[in-house]
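Please view the model alongside the text.

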Amino acid sequence: MSRVEDFLSAKEEQEIVNAIKQAEKNTSGEIRVHIEATSKLPHYLRVQEVFQMLKMDNTKEHNAVLFYVAVEDRKFVVYGDEGINKVVPDNFWDTTKDAMQEEFQQGDFKQGIINGVLKAGEELKVHFPWQTDDEDELSNEISKA
Ligand code: CA
Ligand code: CA
């Protein structure tokens with residue numbers, strides 16, 4: 001088994017999917033999690049490549065957020081689409097990243113990702129509240145490479 005398969009158990013993955021569903025009840029924004037072993041590209045570029053690959057730039061309000069984790073590189077990046085970046089300050093993701101960092105440092109990756117996802121949902125709520133006609137535009141399943 002690869003490091004990516006070992007990173008989270010099936011149960012942990014399901015808990016993360018549930019957190020994504022819960023976060024998306026707060027906001028029209030779409031949240032996805034992508035996990036891979038390592039990247040040859042710098043992570044800030046790789047996250048943009050994965051974002052395109054998952055067609056996350058296709059949301060109506062351009063308000064999707066990708067949580068990218070490179071397991072062997074011990075790196076994570078939170079990347080939001082341009083609709084978000086237009087209306088929020090540069091340090092918008094800091095609280096989300098902080099919510100993850102602490103758990104990651106203690107090796108609890110599941111809880112780190114869940115904290116980040118839920119925090120992102122709360123933060124996005126202010127700018128992109130959930131609408132009654134909201135659609136689940138992007139899959140809530142974890143993507144892996
Ligand atoms: Ca939605
Ligand atoms: Ca979704």
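The side chains of serine 28 and asparagine 63 are joined by a polar contact of 3.1 Å. A second polar contact, to the side chain of glutamate 61, spans 3.0 Å. (A polar contact is a pair of N or O atoms within 3.5 Å; within protein, one must be able to donate a hydrogen and the other to accept it, and residues adjacent in sequence count only if both atoms are side-chain atoms.)

| Side chain | Partner side chain | Polar contact |
|---|---|---|
| serine 28 | glutamate 61 | 3.0 Å |
| serine 28 | asparagine 63 | 3.1 Å |

This is a predicted model: local features need pLDDT of at least 70, side-chain atom pairs count only at pLDDT 80 or more, and totals for chains, interfaces and linings use all residues. Residues are numbered from 1 along each chain as its sequence is written, chains are lettered from A and ligands numbered from 1 in the order in which they are written, and side-chain values use heavy atoms, with hydrogens and water left out.

Serine 28 sits in the loop between α2 (10–23) and β1 (30–36). Helices (H or I, at least four residues) and strands (E, at least two) are DSSP runs, numbered from the N terminus. Serine 28 is buried, at 4% relative accessible area; buried means under 20%, exposed over 50%, partly exposed in between (1.4 Å probe, protein chains only). Beyond its neighbours within four places in sequence, serine 28 is in contact (heavy atoms within 4.5 Å) with residues including Phe128, Pro129, Trp130, Asp134 and Glu137.
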